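This report describes the fold and selected local features of one protein chain. Please consult the sequence and the structure shown below while reading.

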Amino acid sequence: LGACRTGAGIAVWDTESGEVVHTLRETGSVRSLAFSPDKSCLAAAFGDGAIAIAVLGTDEAQFIGGHEGGVNGLRWLDDGRLLSCSDDATCVAWQTR
């Protein structure tokens with residue numbers, strides 16, 4: 001389960017144990033979260049147009065971007081690409097691996 005709270009970052013919980021298993025520092029207003037199909041990564045979309053991809057269980061995080069408006073939606077595709085839609089009226093399929 002992934003959730004965020006302004007100023008407190010993004011947390012991922014193990015739903016069986018209730019333990020926080022990963023945290024990600026937020027860079028702005030979080031608008032969307034999406035787990036990769038294999039549950040190894042969490043993508044976060046921000047109001048400034050940035051997207052963060054965290055590899056769960058590690059300190060590794062990659063920031064990608066290119067939208068001129070806030071990112072409103074994320075969806076992982078079966079081939080590993082990440083689809084993002086933005087206030088700038090664009091959708092982009094990002095190659096993540």
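Accessible areas come from the Shrake-Rupley method with a 1.4 Å probe, and for residues only the protein chains shown count as cover. On that basis, the accessible surface of the chain comes to about 5500 Å², and 48% of this surface belongs to carbon and sulfur atoms. The model is predicted.

## Overall architecture

The chain contains 10 strands and 0 helices. Read along the sequence, the pattern is therefore β-β-β-β-β-β-β-β-β-β. Of the 97 residues of the chain, 37% count as buried. Among the contacts with a separation of 6 or more, 28% are accounted for by residues 24 or more positions apart.

How many of the 6 residues of β5 are buried? The count is 6 of the 6, so β5 is largely enclosed by the rest of the structure. Both faces of the strand are covered: C41, A43 and A45 lie buried on one side, while L42, A44 and F46 lie buried on the other. For C41, the relative accessibility is 7%. The cut-off for a buried residue is under 20%, so C41 falls in this class.

β5 has antiparallel pairing with β4 through 5 bridges, and A34 stands opposite A43 of β5. The pairing of β5 with β6 (residues 50-55) is likewise antiparallel and extends over 5 bridges. In that pairing, A45 has I51 of β6 as its bridge partner.

Strand β4 also holds S32, which counts as buried at 13% relative accessibility. Leaving aside residues up to four places away in sequence, S32 touches A43, A44 and A45 as well as N72, G73 and L74.

## Hairpins and positive phi angles

The hairpin of β4 and β5 has 5 residues between the strands. K39 is found in this loop, between β4 (30-35) and β5 (41-46). Although K39 is not a glycine, it has a positive phi of about 65 degrees. Is K39 buried or exposed? With a relative accessible area of 54%, K39 is exposed.

The hairpin of β5 and β6 has 3 residues between the strands. Here G49 takes a positive phi near 95 degrees.

A further positive phi, of about 70 degrees, occurs at A89, which is not a glycine. A89 is found in the loop between β9 (82-86) and β10 (91-94). The relative accessible area of A89 is 72%, and A89 is exposed.

## The sheet of β8, β9 and β10

Strands β8, β9 and β10 form an open sheet of 3 strands in the order β8-β9-β10, with antiparallel pairing. β8 (71-76) and β10 stand at the edges, each with a single partner strand, so one side of each is left without a neighbour in the sheet. Neighbouring strands of this sheet are turned by 20 degrees against each other on average, direction ignored.

Within the sheet, the antiparallel pairing of β8 and β9 extends over 5 bridges. W76 stands opposite L82 of β9.

## Salt bridges and cysteines

The whole structure holds 2 salt bridges. Which residue meets R31 in a salt bridge? The partner is D87, at 2.8 Å from N to O. D87 lies in the loop between β9 and β10 and R31 in strand β4, so the pair ties together parts that are 56 residues apart in sequence. Both residues are partly exposed: D87 has a relative accessible area of 47%, and R31 has a relative accessibility of 37%.

The other salt bridge joins D79 and R81, with the closest N and O atoms 2.8 Å apart. D79 counts as partly exposed at 48% relative accessibility, and R81 is partly exposed with a relative accessible area of 29%.

The number of disulfides in the structure is 0. As for cysteine residues, C41 counts as buried, whereas C85 counts as partly exposed at 27% relative accessibility.

Key. Residues are numbered from 1 along each chain as its sequence is written. This is a predicted model: local features need pLDDT of at least 70, side-chain atom pairs count only at pLDDT 80 or more; totals for chains, interfaces and linings use all residues. Side-chain values use heavy atoms; hydrogens and water are left out. Helices (H or I, at least four residues) and strands (E, at least two) are DSSP runs, numbered from the N terminus. Buried means under 20% relative accessible area, exposed over 50%, partly exposed in between (1.4 Å probe, protein chains only). A disulfide is a pair of cysteine sulfur atoms within 2.5 Å. Two strands pair if DSSP finds at least two bridges between them. Axes are lines fitted to C-alpha atoms, for helices over the stretch in contact, and angles run from 0 to 180 degrees between N-to-C directions. Contact means heavy atoms within 4.5 Å. A salt bridge is a side-chain nitrogen of Lys or Arg within 4 Å of a carboxyl oxygen of Asp or Glu.
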